[in-house]
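Please open the model in your viewer and keep the selection tool at hand. The tour below goes from one selection to the next.

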Amino acid sequence: MAMIYLLDYGAGNVRSLRNAIRKLGYELADISRPDDILKAERLIFPGVGSFGAAMQRLHDLGYIEPLQAYLRADRPFLGICIGLQCLFEGSEESPDIAGLGLIPGRIRRFSGPGLSVPHMGWNGVRPERESSLFAGYNGEKLYFVHSYRAVPEPANAPWSLALTDYDGEFLSGVQKGQVAAVQFHPEKSGDAGLRLLDRFLAGEPLQNVGDRYRSPETTRLAKRIIACLDVRANDAGDLVVTKGDQYDVREEGQVRNLGKPVDLARRYYEEGADEVTFLNITAFRDFPLKDQPMLEVLERTSEKVFVPLTIGGGIRAFRDADGRHYSALDVASAYFRSGADKISIGSDAVSSVERYQQEGCARGDSSIEQIAYVYGNQAVVISIDPRRVYVASPAKTRHHTVHTRVPGPNGEQFCWFQCTVKGGREGRDVDAVELARVCEALGAGEILLNSIDRDGTGAGFDLELIAAVSDAVTIPVIASSGAGRVEHFGEVFEATDVEAALAAGIFHRREVPIAVVKKHLQSRGIETRD
Ligand code: 1PR
């Protein structure tokens, strides 16, 4: 069996890819010097971060020449995501930096009107011709996350292997001879992705050996269903999944215990969750890197769960007991190394927005900017914990108000959505709409929009809050808090433009299986991943 070589230049989370390769039964070696590249029998290049950062890193490590020689010699290669984009001549993302130049054309940003960018989530591919890579592919959706894409042109037609529809069509698979690359993440695409990866690893020649595929007419991005696990230590010191009612997780004085984090995450993966999110809900008061069982939870989860993992809680700068300083980027990096694909920032995002408003501009040193620069915008989620504040009229506040159908305690017809920090313990003078807008400007890639008023109530999502925020940004928004019945999921996707809906309590208590949510959505004509 051929040894698989990984070109990992240490800029992001490739733990899941390593885990996927090991799970499929292959041995893995790392490229650690330029010479290793030409020794490799099968090479995987999972590009991470931005196009410019990836090319710069290849350059600094002296990898460009041997890599070009390897590719020109038509040796087995699989590029993933940025690993596909680097094969082209250049990219709008980093206009001054040249690509490897193997495939004609430049990478361009998605720009269609009303389109959510990044293209994040599960979409299909349309294979253009037979290949061993897509042999047996049957229209299953695969996981994509990117803001730039390769556009099909006559000059790169000989490379075109598969197309995906979003803002027109883009090249989601390329291949010529033994060199192939895909824009989606096979290691994050559940069983369908693992099967595809296995076909490359198995070493079948890449050309013209596939079965006939059944290709859908056009591919459609699915609405995502996310299972959320709020995690904290209980009074005995064990890390448990808990769940609050309006953020209060205690029942008769005890922290509610709904199960073990790794087991539950695995259960949701098997039941068809499109993503799994962990929120370390007490990390605001503890130093998250000290004695953190959360890192181990992530490591163990990423061995078994092959869909995207997000982790939130405590992502901010810290000084430990010995006076050592850790930046938010250090904390995030520890989470990425342990298997997270995205990190989510709560309290610190509110502080960054307050500072942005005081100073009137971005300074490049907020946690959002620092993490997005290194790991890419798509890896930075902002978790908002808003609470309604009722007012008699919009003139009573400087904040973004909505005319509400759920009047306040004194019959108020208007409300604004006040951001809170420290798990709802402190309200700040920032509203959810302005927070989302500023975080998008600072480089966040997605918004996780909770509601303290609806959390754990089962009364349905706060559609007024969700519409106000999702109308204010172009990045994807995840609706969270209040799901109590399958109909609530249909409602939120029909009434607003959100890309994903998240729930906790109804999944933990096994009241509604994820598959039933998806069936319901399909019956309403809403696209999902099966
Ligand atoms: O502020 O960066 O340290 O991050 C802390 C993170 O922990 C934030 O993302 C914040 O939302 C979360 N958090 C803090 N305290 C609580 C709590 O519940 N006491 N959980 C908490 C937030 C809300 C949702 C929940 C949905 C769905 N949980 O994520 O899962 O409301 O619930 P439902 O379907 O049962 O209604 P930082």
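Which residue has an N or O atom in its side chain 2.6 Å from an oxygen atom of the ligand? Select Asp455: a side-chain N or O atom of Asp455 lies at that distance of 2.6 Å from a ligand oxygen. The protein buries 98% of the 770 Å² that the ligand exposes when taken alone, areas being computed by the Shrake-Rupley method with a 1.4 Å probe.

This is a predicted model, in which local features need pLDDT of at least 70 and side-chain atom pairs count only at pLDDT 80 or more, while totals for chains, interfaces and linings use all residues. Residues are numbered from 1 along each chain as its sequence is written, and side-chain values use heavy atoms, with hydrogens and water left out.

Next, select Gly314, where a backbone N or O atom is 2.8 Å from an oxygen atom of the ligand, and then Lys243, whose side chain places an N or O atom 3.4 Å from a ligand oxygen.

Finally, move to Pro118, in the loop between strand E6 (103-109) and strand E7 (119-123), strands being DSSP runs of at least two residues, numbered from the N terminus. Pro118 counts as buried because its relative accessibility is 4%, the cut-off being under 20% with a 1.4 Å probe and protein chains only. The C-alpha atom of Pro118 is 4.3 Å from that of Ser147, 29 residues apart along the chain.

Methods. Helix = DSSP H or I, 4+ residues; strand = E, 2+ residues; numbered from the N terminus. Buried < 20%, exposed > 50% of the residue type's maximum accessible area, 1.4 Å probe, protein only. Polar contact = N/O pair within 3.5 Å; in protein donor to acceptor, adjacent residues only side chain to side chain.
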